[in-house]
Amino acid sequence: MMEFISTKAAPAAIGPYSQAVKLGNLLFTSGQIPLGLDGQIVQGGIKEQTHQVFANLKGVLEEAGITFTQVVKVTVFLKDMNQFAELNEIYASYFGDHKPARSTVEVARLPRDVFVEIELIAEIPVEI
């Protein structure tokens, strides 16, 4: 059965979609961009924006009762692949030794002209 996940620990969806969807023991997050809880774009460069994206993702994961250690797949959309090293350094700080599968692609444009958007797929442990 499908369950829609919504939390006030991440900015509200800016369109007709859910922050995340739980299906069985999998959680699929929508792409998160660097919006603060007030819906405003976080000022700064790729570093500040990437930290905000991870803060938003953390809020969605926590609402589902999990952490970054349950993430199995990450998709990263970058405005400029020249920012990959900076993004990768911050990314590693959130995942540590946990190494989910990942794709990173450069895109022509992201919502609200931000530098980064990230979506996750995570496993929710089955309660016995």
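Okay, one definition before anything else: a residue is buried under 20% relative accessible area, exposed over 50%, and partly exposed in between. K58 sits at 44%, so K58 counts as partly exposed. And keep in mind that this is a predicted model.

Let's stay with K58, then. K58 makes a salt bridge with E62, and the closest N and O atoms there are 3.9 Å apart. The cut-off for a salt bridge is within 4 Å, so the pair K58 and E62 does count. Both residues belong to helix α1, which covers residues 46-63, and they're four residues apart, about one turn of the helix. E62 has a relative accessible area of 46%, so E62 is partly exposed too.

How many salt bridges does the structure hold? Two. The other pairing is R109 with D113, at 2.6 Å from N to O. As a general point, side chains of opposite charge can pair when their charged atoms come close. R109 is at 61% relative accessibility, so R109 goes down as exposed. D113, at 38%, is partly exposed.

In general, most residues other than glycine have a negative phi. D113 isn't a glycine, yet its phi is positive, about 60°. Then look at R112: phi is near 60° there, again a positive value in a residue other than glycine. Where does R112 lie? In the loop between β5, residues 101-106, and β6, residues 116-123. D113 is found in the loop between β5 and β6 as well. As for accessibility, R112 comes out at 44%, so call R112 partly exposed.

Helix α2 is residues 84-95, and α1 packs with α2 at an angle of about 30°, the axes being 9 Å apart. Angles under 35 degrees count as roughly parallel, so that's the label for α1 and α2. Which hand does the crossing of α1 and α2 have, left or right? It's right-handed.

A residue from each helix, while we're here. In α1 there's N56. Is N56 buried or exposed? Buried: the relative accessible area of N56 is 1%. N56 and P34 are 22 residues apart in sequence, and their C-alpha atoms are 7.8 Å apart in space. In α2, take F84. F84 has a relative accessible area of 29%, so F84 is partly exposed. Pair F84 with E3, 81 residues away along the chain, and the C-alpha atoms are separated by 34 Å.

Last stop, the surface. Which residues form the nonpolar patch there? M2, F4, L23, L26 and F28, with about 470 Å² of accessible area together. The elements giving two or more residues to that patch are β1, residues 2-5, and β3, residues 26-29. F4 is one of the patch residues, and F4 lies in strand β1. With 55% relative accessibility, F4 counts as exposed, since the line for that is over 50%.

Note on methods
Residues are numbered from 1 along each chain as its sequence is written. This is a predicted model: local features need pLDDT of at least 70, side-chain atom pairs count only at pLDDT 80 or more; totals for chains, interfaces and linings use all residues. Side-chain values use heavy atoms; hydrogens and water are left out. Patches are made of residues with over 30% relative accessible area and no salt bridge: like charges are joined within 9 Å, nonpolar side chains (Val, Leu, Ile, Met, Phe, Trp, Tyr) within 5 Å. Accessible areas come from the Shrake-Rupley method with a 1.4 Å probe; for residues, only the protein chains shown count as cover. A salt bridge is a side-chain nitrogen of Lys or Arg within 4 Å of a carboxyl oxygen of Asp or Glu. Buried means under 20% relative accessible area, exposed over 50%, partly exposed in between (1.4 Å probe, protein chains only). Axes are lines fitted to C-alpha atoms, for helices over the stretch in contact, and angles run from 0 to 180 degrees between N-to-C directions. Angles under 35 degrees count as roughly parallel, over 145 as roughly antiparallel, 65 to 115 as roughly perpendicular and the rest as oblique. A crossing is left-handed if the near helix is turned anticlockwise from the far one by less than a right angle, and right-handed if clockwise.
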